[in-house]
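Please read this briefing beside the sequence and the model, topic by topic.

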Amino acid sequence: MTIPTTASELQFDGRALINGERVWAQSGQAFDCISPVDGRLLTPVARCAEADINQAVAAARAAFEDKRWCGLAPAQRKRIMVRFADLLLAHADELALTETLDMGKPVKHARNVDVNSAANCIRWYGEAVDKVYDEIAPTASTALALIQREPVGVVGVIVPWNYPMIMASWKIAPALAAGNSVVLKPSEKSPLTALRMADLALEAGVPPGVFNVVTGLGPEAGSPLALHMDVDCIAFTGSTRVGKQIHVMAGQSNLKRAWTELGGKSPNIVFADCPDLDRAVEAAVGSIFFNQGESCNAPSRLFVQDSIKAQFLAKALALVPAYAPGNPLDQATVMGAIVDKTQMDTVLRYIERGQKDGAALLAGGEQARRETGGFYVQPTIFDGVKNHMTIAREEIFGPVLSVLSFTDTADVVRQANDSVYGLQAAVWSRDINKALGVARALRAGTVHVNQYDEDDITVPFGGFKQSGVGRDKSLHAFDKYTETKTTWIRIDSPI
Ligand code: NAD
């Protein structure tokens, strides 16, 4: 196949992938996949429902039972996963263009961040799986106790639309590497790259039935997967609202293992003794506007110590024009389109709410690029935000920065922790005692010190509190997709 290098060369296939075959939903129904770049129809996509989920789960179960994948030696699975990662990179331009057209992010980021990270994740878990040893317990010499990991079986995966390939790969890579079969439901707002990933997995040698993709709406296709009696584990990334339902559905059905990566309202705390103010400003602004603010870990609550706030804000405002939304297909663009009209309207409603609640709008606040037919919002900064205001409490998931101020350390830690979320946080100070003391006091899965952008597949990612249960990435992710089995063997030693 020739790999498309321009958006106009792309052709989309919106059929689900079940048991190695591209299929339409059994009902014949489809939904429209609309591009947020300019509002155009990309393709109809299979609107899967319970019957299709049942078919995909049955295919995944059959593949697991006959051991066509889990029965391979880890080194064999590794070779196939490495080939899968290579194929993602070989199709990088196509995948990046598809991602951009489907969910609006700048093509430069889709190519350099999303495709590369997804391929790296799949390669890393593939390469890891033949290097992880099981254990023998230190029991008395009359017995041998083996502690072994086994794949859980059929893993259901439900992901959001903000980093479609990365969120999917964080789950499918450790799940597949460990020998499970997978049924993935991508977001209805960004289903296209997941389908292409599954095509490429097949091409790499992942056997049919092992990696299935069912497209559809949350309540119609996601719920039957979370409620399915033959799914052993459900791994979910999305909103806290739906994440809570996932845990309920797991409990209501077969007590499947439920792992959730949910929302965030991450505090970014800048003390007056910040070692590099320009870097702190760039990180604060760059991280909230990256991916149009549609990042679960975006530092959306910026706490700046009173004495440097005016200086900090002046520097921040000077950076804002560089983030003006542009055509996501243009290589120079750093801020693209919001995923759809519904999400754009939500972001604009929050901006209105911030103004009504008395926060001071310093920049942005409006829809942009209306003439394109797409969905764009200006980079927006509010000052004078109080931690009790809606824009400081709720996840906006758009390019909106709330700036708060503080005087002393105890006060800012209290405010930072006063949130239902606990995904990430940051602290900027040249005083190592203060920085590490605050890092320890912050209730978050990840705390950054004097930076906000470090990221690596070797490091766990996930949240405290209502930001979810469990961790993606790193070897810890294998814990979610394996059961621990103990085998006791009696030893009647003749000597
Ligand atoms: P969402 O919860 O609306 O949807 C996520 C997925 O769940 C989609 O595939 C959707 O179709 C499905 N879904 C919706 N209703 C369902 C139901 N009743 N049953 C089963 N599945 C259902 O979230 P979203 O708007 O797609 O994504 C944004 C959210 O994702 C934000 O809250 C963001 O913070 C979160 N997120 C978290 C992380 C993390 O790692 N913590 C990463 C990325 C995004």
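The model is predicted, so local features need pLDDT of at least 70 and side-chain atom pairs count only at pLDDT 80 or more, whereas totals for chains, interfaces and linings use all residues. Residues are numbered from 1 along each chain as its sequence is written, and side-chain values use heavy atoms, with hydrogens and water left out.

**Contacts and cover of the ligand**

- Ser223 brings a polar side-chain atom to 3.0 Å from a nitrogen atom of the ligand, while a polar backbone atom of Gly238 is 3.3 Å from an oxygen atom of the ligand.
- The protein buries 91% of the 840 Å² that the ligand exposes when taken alone, with accessible areas from the Shrake-Rupley method and a 1.4 Å probe; for residues, only the protein chains shown count as cover.

**The shell around the ligand**

- Val159, Glu188, Ser239, Leu262 and Glu395 come nearest among the 29 residues around the ligand, where a residue is near if one of its heavy atoms lies within 4 Å.
- The shell divides into 15 nonpolar, ten polar and four charged residues, with Ala, Val, Leu, Ile, Met, Phe, Trp, Tyr, Cys and Pro counted as nonpolar, Asp, Glu, Lys and Arg as charged, and the others, Gly among them, as polar.
- At least two shell residues come from each of α7 (218–227), β10 (233–237) and α8 (240–252), and α8 gives the largest share, four residues; helices (H or I, at least four residues) and strands (E, at least two) are DSSP runs, numbered from the N terminus.

**A seven-stranded sheet**

- Seven strands form an open sheet with mixed pairing, in the order β14-β17-β18-β13-β12-β20-β21, and two strands pair if DSSP finds at least two bridges between them.
- The edges are β14 (360–363) and β21 (446–449), each with a single partner strand, so one side of each has no neighbour in the sheet.
- β14 pairs with β17 (residues 380–383) in the antiparallel sense over three bridges, and Phe382 in β17 is the bridge partner of Leu361.

**Gln367**

- Gln367, in strand β15 (residues 367–368), counts as buried because its relative accessibility is 19%, buried meaning under 20%, exposed over 50%, and partly exposed in between (1.4 Å probe, protein chains only).
- The side chains of Gln367 and Arg370 make a polar contact at 3.3 Å.

Key
A polar contact is a pair of N or O atoms within 3.5 Å; within protein, one must be able to donate a hydrogen and the other to accept it, and residues adjacent in sequence count only if both atoms are side-chain atoms.
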